[in-house]
Amino acid sequence: MIKLKDVSKTFKQGAEEIHALKNTNFTAEKGEFIAVIGPSGSGKSTFLTIIGGLQSASTGEVTLAGERVDNINPRQRSKIRFEKLGFILQASSLVPFLKVEEQLLLHAKAAGKKADLKRRAHLLAELGVEQLAKKYPADLSGGERQRVAIATALMHEPEVILADEPTAALDTERALETCRLLRDLTHEYNRTTIMVTHDRRLLQYCDRVYEIRDGVLEEKPELAGK
Ligand SMILES: Nc1ncnc2c1ncn2[C@@H]1O[C@H](COP(=O)(O)OP(=O)(O)OP(=O)(O)O)[C@@H](O)[C@H]1O
Ligand SMILES: [Mg+2]
């Protein structure tokens, strides 16, 4: 479903080179809920955004849902992004002038799916934000915004879900609950989810856990849930 072969990412800053991701090999299958942990600045977001095609790798091959995405043009890439990926990003990306319920429909439309009102109601209820449907993002708390962003990212039934700190703005109970929801959706619908997190309490729900340190990715089987 996702495959990285010898992928690296180097940023040039003046004379200095930052090796954000070093020679990385990684595979994720359908139905897997995977966590990525690591210190700040270790390369977690870089890893996630390269998988999602938000930035390109310096070297190596990236395959997503059976298609190479490292050597295609930006148009093809954004098509794949809209259709196959659900992003839950660090700074949640809601459209300021749309009500919560409209955010979800816009997202389905952008992915070329028709407006499924039943699915929308189901997602809003699952994330506990159905009473906020008529509100604008500015009138929501940080945690509410994050839960709406999750519902929005899932609206078009993406094959791959990429989540960067999806529970950062939530209290403990909500964080655990949201994580379980992501896990259940991943298993039930046979999706592939990669979640970056700082929160080790969430690892019990994950099928596999990876750690990134200084751009080096390593699997940590002992940290994954049973
Ligand atoms: N566009 C960029 N230009 C230059 N350097 C960058 C760029 N993006 C990331 N970096 C550097 O690459 C390294 C990895 O960054 P990345 O954002 O992947 O870290 P992270 O693990 O997600 O950190 P955090 O937990 O703080 O979100 C850092 O040293 C960062 O400063
Ligand atoms: Mg990050």
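## The open sheet

In this predicted model, 4 strands form an open sheet in the order E2-E1-E4-E5, with antiparallel pairing. Strands are DSSP runs (E, at least two residues), numbered from the N terminus, and helices are DSSP runs of H or I with at least four residues. Two strands pair if DSSP finds at least two bridges between them. E2 and strand E5 (67–68) stand at the edges with a single partner strand each, so one side of each has no neighbour in the sheet.

E1 and E2 pair in the antiparallel sense over 9 bridges. Phe11 stands opposite Ile18 in E2.

## The shell around ligand 1

Phe11 and Ile18 are among the residues that surround ligand 1, as are Gly43, Lys44 and Ser45; such a residue has its C-beta atom, placed from the backbone, within 6 Å of the molecule. Strand E1 (2–13), strand E2 (16–28) and helix H1 (44–51) each give two or more residues to this shell. H1 gives the most, with 3 residues.

## Helix H6

Helix H6 (residues 172–188) has 17 residues and reaches 24 Å from its first C-alpha to its last. Just after H6, Asn190 takes a positive phi of about 60 degrees.

## Numbering and confidence

Residues are numbered from 1 along each chain as its sequence is written, while chains are lettered from A and ligands numbered from 1 in the order in which they are written. Local features need pLDDT of at least 70 and side-chain atom pairs count only at pLDDT 80 or more, whereas totals for chains, interfaces and linings use all residues.

Terms used
Expected span 1.5 Å × (residues − 1).
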